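Hi,

Here is the structure I promised to pass on. Have a look at it first, and then read my notes below.

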Amino acid sequence: MLYYLVTALYILTCLSMMLTVYLQQGKGGDIASAFGGGSSQAAFGARSGATVLSRATAVCAVLFMVLALTLGIVGRRGPASVIGGRAPLGQPAAPATAPAPAPTSAAPAPAAPAAPAQSAPATPAAPAR
């Protein structure tokens, strides 16, 4: 309930701030004043007192910031961490193939007889000339 009330106030504040900013008069930012053709003798233009619209804009800006922080705090649900609600990961699955069993006999396996080495046929020596 509080969240929806703050959201409604936030939207109204945004709309009123847009309205007050758009209704304010410009500060004489035309092209003539950029090249020294302005009628003002001050360095940054004529300084006028704070009008009702400029004060309303400042109040709306403060309300905008306060309500944005309030929405951030009130709107937070659940644990403080982004990944805090996740279930812990399980252990990795066992390998698909089991290792080969070790031989149980203590006697060494008989060795296969070695094949006799074949020698290459001798090449006859070339006759001398």
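**Cysteines first**

Taking a disulfide as a pair of cysteine sulfur atoms within 2.5 Å, the count here comes to 0 disulfides. C14 is in none, and its nearest cysteine sulfur, that of C60, sits 9.4 Å away. Likewise C60 is in no disulfide, with the sulfur of C14 as its nearest at 9.4 Å. C60 counts as buried because its relative accessible area is 9%; buried means under 20%, exposed over 50%, and partly exposed in between, with a 1.4 Å probe and protein chains only.

**Ground rules**

Residues are numbered from 1 along each chain as its sequence is written, and side-chain values use heavy atoms, leaving out hydrogens and water.

The pLDDT, the predictor's confidence in each residue from 0 to 100, averages 74 over the protein chain, and 50% of the residues score at least 70. Where pLDDT is low, the predicted coordinates should not be read in detail.

**The fold**

The protein chain has 3 helices and 0 strands, in the order α-α-α. These are DSSP runs numbered from the N terminus: H or I with at least four residues for helices, E with at least two for strands. Of the 129 residues, 7% count as buried. Contacts (heavy atoms within 4.5 Å) with a separation of 6 or more come 91% from residues 24 or more positions apart. The accessible surface is about 12000 Å², 67% of it on carbon and sulfur atoms; areas come from the Shrake-Rupley method with a 1.4 Å probe, and for residues only the protein chains shown count as cover.

**Helices α1 and α3**

Which residues of α3 are buried? They are T57, C60, L67 and L71, and what covers them includes α1. The 23 residues of helix α3 (residues 52-74) should span 33 Å at 1.5 Å a residue, and the end C-alpha atoms are 32 Å apart, which agrees; the expected span is 1.5 Å times one less than the number of residues.

Over in helix α1 you'll find L19, which counts as exposed because its relative accessibility is 53%.

Cheers

How values were computed
Predicted model: local features only at pLDDT ≥ 70, side-chain atom pairs only at ≥ 80, totals over all residues.
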